[in-house]
Amino acid sequence: MSTKDYLEKDYYAVLGVPKTATADEIKKAYRKLARQYHPDSNQGDTAKEAKFKEVSEAYDVLSDTKRRKEYDEARTLFGSGVGGQRPGAGGFSFDFGDLFGGTGQGQQGGAGGLGDLFGGLFNRGGGGGAPPPPPPPPPGGLYPGGGGGASTPTPTTRPRRGQDIESEVTLSFTEAVEGTTVSLRLTSSAACAACTGTGAKAGTTPRVCPTCEGTGAASRNLGNFAFSEPCRDCKGRGLIVDDPCPVCEGSGRAKSTRTIQARIPAGVADGQRVKLKAKGAPGENGGPAGDLYIQTHVKPHAVFGRSGDNLTVTVPVTFTEAALGAEIKVPILKGMPVTLRIPPGTPNGRTFRVRGRGVSRKDGTKGDLLATVEVLVPNTLDDKSRELLSEFQTATAGEDPRADLIQRARSE
């Protein structure tokens with residue numbers, strides 16, 4: 001894919017958000033679309049699989065503050081028509097090789113200019129796009145096996161980063177809080193084992209593309225503009241495969257399935273996206289592997305809830321415990337209950353804090369357990385209990401708990 005194609009991608013439109021969208025709005029839009037188009041929910045639907053990749057690519061850029069800024073600046077620069085001009089037939093010629101540090105006519109590409117910025121921004125993920133055109137070979141370079149005689153250009157293939165991979169995992173509440181290791185079966189593209197990534201049938205070798213002379217790039221004239229883009233004949237590889245590998249059909253890539261052990265850190269929340277660096281698809285030609293992004297889903301717990309780094313629990317107490325005070329047992333996640341002292345006159349709904357019994361943080365510390373008391377009213381009373389409560393009611397008859405409420409309501 002050419003630099004022009006990259007710049008024409010509107011990642012905001014892909015996610016359906018405005019350019020002024022906040023990080024939370026971008027995340028919310030991505031999660032909605034990811035659930036809709038995820039391959040696991042649309043088995044065999046190649047169109048939705050492609051849409052999922054497009055959505056993931058957009059989120060990968062817009063969710064990163066630095067990359068989003070670079071992307072916005074790149075599109076602003078392109079839209080304003082900034083670029084070098086030089087005289088050409090019938091007007092001025094605009095060569096993207098000059099602007100982006102690519103290979104233009106009669107120039108060496110790859111270093112300096114804005115190519116470094118856009119290369120770092122857009123050549124991530126390896127999602128089918130061609131790598132930046134390589135520099136021309138050194139003078140006198142010979143194609144391997146070509147014998148002596150006239151000099152033939154030697155194609156140079158640059159390393160390419162592997163694809164990023166998306167996966168999902170469902171965790172129990174305890175696994176999310178404590179951290180766990182899960183087995184994930186991943187499917188991604190890798191170098192074809194039959195041809196070792198050359199794309200040529202065993203026993204044969206590719207030849208240098210005569211159109212681009214092995215550079216992988218070609219210049220296309222569009223009137224007043226000239227675009228440097230991947231060569232159409234070799235698709236940017238710099239090589240032509242005459243006898244393609246029957247396994248990968250000449251692409252040099254094949255589907256690879258593997259099982260990995262992925263460590264989910266302690267304290268992940270429901271819906272959180274965990275990034276595991278270099279656990280994605282392997283790179284090409286010595287390039288680095290992509291990253292693995294795991295969308296986590298956490299099952300609710302029957303007793304505990306969560307508020308940030310704190311765990312929450314509702315603890316029932318009797319009327320007499322709340323009125324007279326008591327020491328009660330409070331459950332904790334994975335451990336023996338702790339004793340909590342309830343002072344006399346504790347109201348319903350009061351929350352007590354148990355230090356260090358919450359969710360693990362990145363720095364090794366833990367949040368707290370927030371225990372909220374719930375005063376229970378008995379559904380049935382025997383004669384003795386009713387008699388005692390009647391005596392209590394008589395003894396406290398002079399107190400009206402609603403007097404202040406009614407007085408304040410009248411004063412407004």
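Which residues of strand S15 lie on its covered face, and which on its uncovered one? In this predicted model, the covered face of S15 (residues 338-342) carries Val 338, Leu 340 and Ile 342, while Thr 339 and Arg 341 belong to the uncovered face. In a regular strand, side chains alternate between the two faces of the sheet. The partner of S15 is strand S14 (residues 326-330), and the two pair in the antiparallel sense over 5 bridges. Within this pairing, Arg 341 in S15, a residue of the uncovered face, has Glu 327 opposite to it.

**The chain as a whole**

The secondary structure of the chain consists of 11 helices and 17 strands. The chain has 412 residues, of which 36% count as buried. Among contacts with a separation of 6 or more, 62% come from residues 24 or more positions apart.

**The open sheet**

Strands S3, S11 and S10 form an open sheet of 3 strands in the order S3-S11-S10, and the pairing is mixed. Strand S3 (165-171) and strand S10 (273-276) are the edge strands, each pairing on one side only. From one strand to the next, the twist averages 30 degrees. S10 meets strand S11 (residues 292-298) in the antiparallel sense over 4 bridges, and Lys 275 stands opposite Tyr 293 in S11.

| Strand pair | Sense | Bridges |
|---|---|---|
| S14 and S15 | antiparallel | 5 bridges |
| S10 and S11 | antiparallel | 4 bridges |

**Packing of H3 and H4**

Two packed helices are described by the angle between their axes and the distance between the axes. For helix H3 (residues 23-37) and helix H4 (residues 46-62), the axes come within 9 Å and cross at roughly 160 degrees. Angles over 145 degrees count as roughly antiparallel, and H3 and H4 are therefore roughly antiparallel to each other. The crossing in which H3 passes H4 is left-handed.

On the H3 side, the contact is made by Ile 26, Lys 27, Tyr 30, Leu 33, Ala 34 and Tyr 37. These residues meet Lys 48, Lys 51, Phe 52, Val 55, Ser 56, Tyr 59 and Leu 62 in H4. Classified by residue type, the contact of H3 with H4 has 9 nonpolar, 1 polar and 3 charged residues.

Note on methods. Residues numbered from 1 in each chain as written. Predicted model: local features only at pLDDT ≥ 70, side-chain atom pairs only at ≥ 80, totals over all residues. Heavy atoms only, no water. Axes fitted to C-alpha atoms, helices over the stretch in contact; angles between N-to-C directions. Parallel < 35°, antiparallel > 145°, perpendicular 65-115°, else oblique. Left-handed = near helix turned anticlockwise from the far one by under 90°. Contact = heavy atoms within 4.5 Å. Nonpolar A, V, L, I, M, F, W, Y, C, P; charged D, E, K, R; others polar. Buried < 20%, exposed > 50% of the residue type's maximum accessible area, 1.4 Å probe, protein only. Pairing = 2+ DSSP bridges.
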